[in-house]
Amino acid sequence: MTEELYFPNEERFRDAAIKSMDEYHALMDKAKEDYEGFWGDLAKEKISWFKPFTKILNEENAPFYKWFEDGELNVAYQCVDRHLATRKNKAAIIFEGDNGDQKVLTYRELFYEVNKTANLFKNQFNIKKGDRVVLYMPMIPEAAISMLACAKIGAIHSVVFGGFSAEALRDRIIDAQAKLVVTADGAFRKGRPYMLKPVVDQALEEGCECVEAVCVVERNGEDIHWEAGRDYAYYELVKSQSSQCEPVAVEAEHPLFLLYTSGSTGKPKGVQHSSAGYILWAQLTMEWVFDIKENDTYWCTADVGWITGHTYIVYGPLAAGATTVMFEGVPTFPDAGRCWRMVEEYQINQFYTAPTAIRLLHKTGADEPGKYDLSSLRILGTVGEPIDPAAWKWYYEEVGGGRCSIVDTYWQTETGGHVISPLPGATPIKPGCATFPLPGIMAEVIEEDGTPTPAGEKGFACITKPWPSMIRNIWGDPDRFVKSYFGDCKKEGKPVYFTGDGAMIDADGYITITGRTDDVINVSGHRMGTAEVEAAIKKHENVAAVAVVGKPHDIKGEGIFAYVVLKNDEGVADELETMKEINTIIKSEIGAIALCDDMAFVPDLPKTRSGKIMRRILRSLVKGEKITQDTSTLEDPGIVTKIEEIIQCKC
Ligand code: PRX
């Protein structure tokens, strides 16, 4: 982080939703004085309620908080139907395929498609309110349409990222007890077809008796296996459905979706989000953080399989009545100018991506932005991991031409939407710093007992009051929900939400996120649990023990590094072969995103006498840091030097 301050461009942000730090402080003060009133007013103003709420926040069963609990709404109505009066011919979704094919869906067209799909789910697959539907989809409009179709009939979707393996998909289907899986034959990446349906076939081979049907969208036209009586062709069936569908009124707390994410221990957890609180914050942050205006074209490059895709490709932009771009391809294909060409062509006003992509585009095409007209850009967003000053500067100068605000948005799957972020028309920005909590979000840097961490020191990033878009539960595991998020930090004796991240506040109140304090690795802005990767590696028959840690990586931010103890080690050739085999297992157990970048074969792991692996030592060793921890409590203190030698040989 540098201390240079970057002020918003006054001319570009004259009409911003929040125009000055005074306006920001006024909102924050209002929230502090009358917390429920602050949220209640916003919820009344922003949501088209079917039945108005009378209660704002129910804390009786904390931390199972309830917001606006006696109100009723429908999220698909909020995102699509209600816009028809004023925006029926406005582009809702602009799709660009990997090979450059384009499709635009207006709000009216989206309304019809969502209705037909909702009717298909209801009539053909007997999907009812509360049923779970797993979506294993590529980045095509049908992914968004299926999500909204679920919302329209009160079904709970769980999108599984298309890069996850059959095993990972199976685990999620079983945990959610999904009745229907919606997928595609496959899609295109870097000019070539890739497949999804065979992964679904494999996932359903075992233990998925809950699944009654698979609905297959045709995208790449490749040959696929067809299971009669289970598999159904989407386009064939959807065309005969009615384009009218009554939205099902659901209670404010009705789960809108589950999204599985990694924790520090055990299997991925199904983060459960609500309907009203979630959509309120998705819409508000579009207005506050992305300053979305009626004629803007907004593009977030994430995948719908992650929370960023949920909140900032589908729900947020559509709730705000915006035009959202969906892109099937990758930023570097056919060349490193792809994104900038798209910015020019669609006149993109807000561009939102991850630091990993920025570093990659910087490295592979530093001069590319200069070849295009990027003057439409007003806001550049980043998400998922810390952004380093070099990437920030390039983004600001070369992509934004020094005219745009960079919003470094800090949030998580569990927070539903941004929680700490600059406001583009108000906040003087310090590069690499998420700056201040958004209005209404009581994010603080504290010690475990709730005392504020002194400026310049590392503390815990906590949110000390419940907020509407927060996680409601871990699907089927309320104990784990309480333990995972409300077990570490307290304020005034009451457990508060702990993000799992460390943070630092400076003398001016700016917050910088310093990274995870638990065993979660952040690979290219995606969360990977060490326990999951280790469980996969242990499936190799010659692995006796393993510990994985994050290792700094130029492009990905962090890569995965494994310390492996073999049962029988027969030398280097054996180790190289084992390394390949281990990665093959990881690919089939989790997916290519969890592949290890490197491994060290070590005689043992540093363990305490009670058998606990000292991961901090392993993290320090891989970074080449000096070991400052006390090693005298280790079962074998000499092991640290032995591992150090092996690591040094590798480097
Ligand atoms: O460690 C933080 C990091 O990403 C984690 C959340 O990951 P996930 O739930 O997959 O959601 C990613 C997209 C919202 C956080 O606990 N993180 C997210 N945004 C930032 C960040 N770290 C630093 N700066 C950010 N802006």
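Biologist: Which of the 23 residues around the ligand come nearest?

Modeller: Keep in mind that this is a predicted model. Tyr410, Gln412, Thr413, Ile513 and Arg527 come nearest, out of 23 residues around the ligand. Several elements give two or more residues to that shell: helix H11 (307–319), strand S20 (405–409), strand S25 (494–505), strand S26 (511–516) and strand S28 (526–529). By type, the shell splits into 11 polar, 7 nonpolar and 5 charged residues.

Now for the annotated positions. The UniProt annotation "binding site", from an unreviewed entry, covers His540 and Val543. His540 sits in the loop that links helix H16 (530–537) to strand S29 (543–553), while Val543 belongs to strand S29 itself. A residue needs 20 or more other C-beta atoms within 10 Å to count as buried. His540 has 18 such neighbours, so it is classed as partly exposed. Val543 has 20, so it counts as buried. Leaving aside residues up to four places away in sequence, His540 touches Thr578, Glu581, Ile582 and Ile585.

In H18 (residues 615–622), the buried residues are Ile617, Leu618, Leu621 and Val622. Looking down the axis of H18, these buried residues fall within an arc of 125 degrees, so they line one face of the helix. Their cover includes S29, strand S30 (557–566) and helix H19 (639–650). After H18 comes Gly624, which has a positive phi, near 75 degrees.

Next, a strand pair. In strand S21 (residues 443–446), Ala443 and Val445 point one way, Glu444 and Ile446 point the other way, and all are buried. S21 pairs with strand S22 (residues 458–463) in the antiparallel sense, over 4 bridges. If you want to find that pairing on screen, Glu444 has Cys462 of S22 as its bridge partner.

There's also an open sheet to trace. It has 8 strands with mixed pairing, in the order S12-S11-S8-S6-S7-S14-S15-S23. Strand S12 (231–233) and strand S23 (473–474) are its edge strands, each pairing on one side only. Within the sheet, strand S8 (residues 180–184) and strand S11 (residues 213–217) run parallel and are joined by 5 bridges. Leu180 stands opposite Ala213 in S11.

One last stop is Val482, in helix H15 (residues 478–486). With 16 other C-beta atoms within 10 Å, Val482 is partly exposed. Apart from residues up to four places away in sequence, Val482 touches Pro63 and Gly487. As for Tyr6, its C-alpha atom is separated from that of Val482 by 40 Å, and the two residues are 476 residues apart along the chain.

Notes: Residues are numbered from 1 along each chain as its sequence is written. This is a predicted model: local features need pLDDT of at least 70, side-chain atom pairs count only at pLDDT 80 or more; totals for chains, interfaces and linings use all residues. UniProt positions are given in the numbering used here, feature names are shortened, and annotations may be inferred rather than shown by experiment. A residue is buried if 20 or more other C-beta atoms lie within 10 Å of its own, exposed if 12 or fewer, and partly exposed in between; C-beta atoms are placed from the backbone. Two residues are in contact if their C-beta atoms, placed from the backbone, lie within 7 Å. A residue is near a molecule or strand if its C-beta atom, placed from the backbone, lies within 6 Å of it. Ala, Val, Leu, Ile, Met, Phe, Trp, Tyr, Cys and Pro count as nonpolar, Asp, Glu, Lys and Arg as charged, and the others, Gly among them, as polar. The arc is that of the directions from the helix axis to the C-beta atoms. Two strands pair if DSSP finds at least two bridges between them.
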